[in-house]
Amino acid sequence: MRFRIATATAVLAMGALVSTACSSGTVSGTSSTTAGANGCVSGPVKVGIIPKLGTDPYMVTVKNAAEAAAAASGNSDVIYTSPSDASGAAQIPFVNQLISQGVNAIMISGSDVNSTSAALKKAQDAGIKVVSFDSDVASGSRGFFVNQADTSLIGAQMLTAMGDMIDHEGDFAVLSSTQTAVNQNAWIDTIRATLSSDPRYAKMNLVTVAYGEEKADVNSQKALELVRAYPDLKGIIVPAGIGLPAAAEALSKNGYLGKVKLSGLAPVSLVKQYIATGNVQDVWWNVPDLGTLAYHTAVQYAKCQIEPKDGAKYSVPGLGEFTVGADGQVLLGPPTIVTPQNTDSFPF
Amino acid sequence: MNAAMKPGPRHTSSPASRVSTALSTVVAGLRSWSGLLAGATLLVIAVGAASVPNFLTPFSLATAMATLGPAALMAFPVALLVITRDIDISVASTAALTAACSGLVFAAQGPTPVAVAVALAVGAVCGAVNGFFVAVLELPALLVTLGTLALFRGLCYVILGSTPISPIPDFYAALGNNTVGLTILPWALVPAIVAALVAGVVLRGLPTGRRVLATGGNPATARYSGVRTRRLRFGLFVASGLAAAVAGMIQAGLTSQVSPDLALGMELDVITMVFLGGVSVLGGKGSIPAVVWAAALLMFIRKFLQLNNVSGYAQGIVIGVVLIGSLVVTNAASALVERRRRSAVSAESTPATTS
């Protein structure tokens, strides 16, 4: 008997759901905002942010910058969502949430390229402007991609930093992440090419490439092995966020840091104390600036002040003028070499 | 009706007995788990509709149902497996492997019907592999499907590498993202509805359903009564594999790609639905409508939390608490019923012994 009642209720509920929808016609996102007929917002802009992971300190830094920018410009409506799983599929409910909440613009760092694209297209159909930052999504499902750094320059900058520290003379090694890491291998290729073509580096010699396997303990151990295996080693380039702090700590503890210099790529906050010694330089970018740029791009896009067209120019308060590149890409700038002099301007 | 429902005639007048009558009614309500889940679902809907803007908009409902689709579809065969004292925790990996194989077909410009057929065939084979080890070789289902969970997922990475296949055929995209005609019912949920109807009718209306319950209730007795338990359990594993194949297609549609991490971790959603739906961990008992209500309850709780901008982490905590809470409530309710039944029995038998 219970079974029949429950079944009947279920069937009724289902019927009710379907019939509600019949009367409403199509299923689209509700836009409860001040967007005009052309989808352009005139008043305050409601921006939703979807990070890869809600608790990722990098993403929280972006969020804080976006909120500060919103407060400064009088638009304080920023919704920061918090996926707990760094997969693209886990971001879909958050896209749907922001569509339901009627935001005007979505800032997303894609956990993968495709997973959110159908949901983001629904957002675009509902008049929401989509801007990706940090990590791009499929280009058809967003307008702009705010890229934090020209990755092709990272390799060159790490070599520049190393050259400056060892006076462009002597042996150095590379301690990379894994043998198959795409970005790292591209940077190492750049380093090799620059060494052989640029006369400034004629006296510098890359002795070996070791791999830290994205693990702190392996990186520490490999860094010490390199120093002991090559007594004349002047420096190590560590192009990996886990590797650079681990190598710096290992060399520092064992008294090698100074005799051997380090350059590489890692969040400044993880290597700040070693940069201060003058024996480590880091290639990084300003993460709060990324948040500010992505936020203002989203707001101006929602107000129809800018379009993702190649060559278009727009200015962002406090950061200056930016030019839209091919495929809606906007570059924050070249990656910066962080030294004891400028370390304080990098809060992350 | 059992003794706990009707208080003894001697006590009808006292206030204490009236309280206990009321208690009995509540307990009787609790014993209908689907009734309780339905009540909880309606409560969440009411609270959500009253307090959360856009909670019941067509878009909110349609996306919530679509997101639920793949896990709900896989929950029904798994519910039947749990009733026969088995379980299939490899379903999400099976979904990924079937999608990966069909992805190879459409990546090579193969026709979509072939891709679908490959997915279903691979799903059936995956189910048959589980069924062979569990039903034929009599190995524990939990361990076998734990093994195939890792095995099938590993094969996905072997087949696809780390690069997802995209774009996907229009059929997959429509399955994941479109609604039926002008309704808000997403195609992504249609297979789950069909599975629920089939599982519900089979379990309560057909001889096969009685065999499923008998096998779970007491496998030896069922075998001696002429139930071909091996064939039945093997068949349920194949059904689970086929459902996983369809779920894989839906998930590929939802995510616009076939990736090796497709539906990663979705077995947890499936198992949560089954056990929140009151299917007995010990087998032999379970109700498909209750699983339907469990799925609906989870869907509305998630939507409620989502639209309150609750983080994914906290959503996980809430779902975990709901599942544990449901176990505590069912346990306490059945213990209460058992105690009242015993006291009623002893009350009836007492006069006979004293006289």
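This note goes through chain A and chain B of a predicted model, point by point.

1. Basis. This is a predicted model, in which local features need pLDDT of at least 70 and side-chain atom pairs count only at pLDDT 80 or more, while totals for chains, interfaces and linings use all residues; side-chain values use heavy atoms, with hydrogens and water left out. Residues are numbered from 1 along each chain as its sequence is written, and chains are lettered from A and ligands numbered from 1 in the order in which they are written.

2. Make-up of the chains. Chain A contains ten helices and 14 strands. Chain B contains 14 helices and zero strands, and its pattern along the sequence is α-α-α-α-α-α-α-α-α-α-α-α-α-α. Helices (H or I, at least four residues) and strands (E, at least two) are DSSP runs, numbered from the N terminus.

3. Burial and surface. Of the 348 residues in chain A, 54% are buried; in chain B the share is 50% of 355 residues. Buried means under 20% relative accessible area, exposed over 50%, and partly exposed in between (1.4 Å probe, protein chains only). The accessible surface of chain A is about 14,100 Å², with 53% from carbon and sulfur atoms. For chain B the surface is about 15,500 Å², and carbon and sulfur atoms hold 70% of it. These areas come from the Shrake-Rupley method with a 1.4 Å probe; for residues, only the protein chains shown count as cover.

4. Contacts along the sequence. A contact means heavy atoms within 4.5 Å. In chain A, 69% of the contacts between residues at least 6 apart in sequence join residues at least 24 apart. In chain B, residues 24 or more positions apart make up 77% of the contacts with a separation of 6 or more.

5. First sheet of chain A. Six strands of chain A form an open sheet with mixed pairing, in the order S7-S6-S8-S9-S10-S14. Strand S7 (204–211) and strand S14 (336–338) of chain A are at the edges with a single partner strand each, so one side of each has no neighbour in the sheet. On average, neighbouring strands of this sheet are turned by 20° against each other, direction ignored. Two strands pair if DSSP finds at least two bridges between them. Strands of a sheet pair through backbone hydrogen bonds, either parallel or antiparallel.

6. Pairing around S9. Strand S8 (residues 233–238) and strand S9 (residues 261–264) of chain A run parallel and are joined by four bridges. Within this pair, Ile236(A) has Leu262(A) in S9(A) as its bridge partner. Two helices of chain A pack on the sheet. Helix H7 (residues 216–229) of chain A touches strand S6 (170–176), S7 and S8, and its direction makes about 160° with that of S6(A). Helix H8 (residues 243–253) of chain A touches S6, S8, S9 and strand S10 (280–284), at about 170° to the direction of S9(A). Axes are lines fitted to C-alpha atoms, for helices over the stretch in contact, and angles run from 0 to 180 degrees between N-to-C directions.

7. Strand S10. S9(A) and S10(A) run parallel, joined by three bridges; Gly264(A) has Asp282(A) in S10(A) as its bridge partner. Five of the five residues of S10(A) are buried.

8. Another six strands form an open sheet with parallel pairing, in the order S2-S1-S3-S4-S5-S13 (chain A). Strand S2 (78–80) and strand S13 (329–331) of chain A are its edge strands, each pairing on one side only. Strand S5 (residues 144–147) of chain A pairs with S13(A) in the parallel sense over three bridges, and Asn147(A) has Leu331(A) as its bridge partner in S13(A). Helix H10 (residues 287–302) of chain A packs on this sheet, touching strands that include S1 (47–50) and S4 (129–133) of chain A, and its direction makes about 165° with that of S4(A).

9. Chain B and Leu37. The C-alpha trace of chain B spans about 85 × 55 × 35 Å along its principal axes. Leu37(B) is in helix H2 (residues 33–51) of chain B. Leu37(B) counts as buried because its relative accessibility is 3%. Leaving out residues up to four places away in sequence, Leu37(B) touches Leu276(B), Gly277(B), Ala290(B), Trp293(B), Ala294(B) and Leu297(B).
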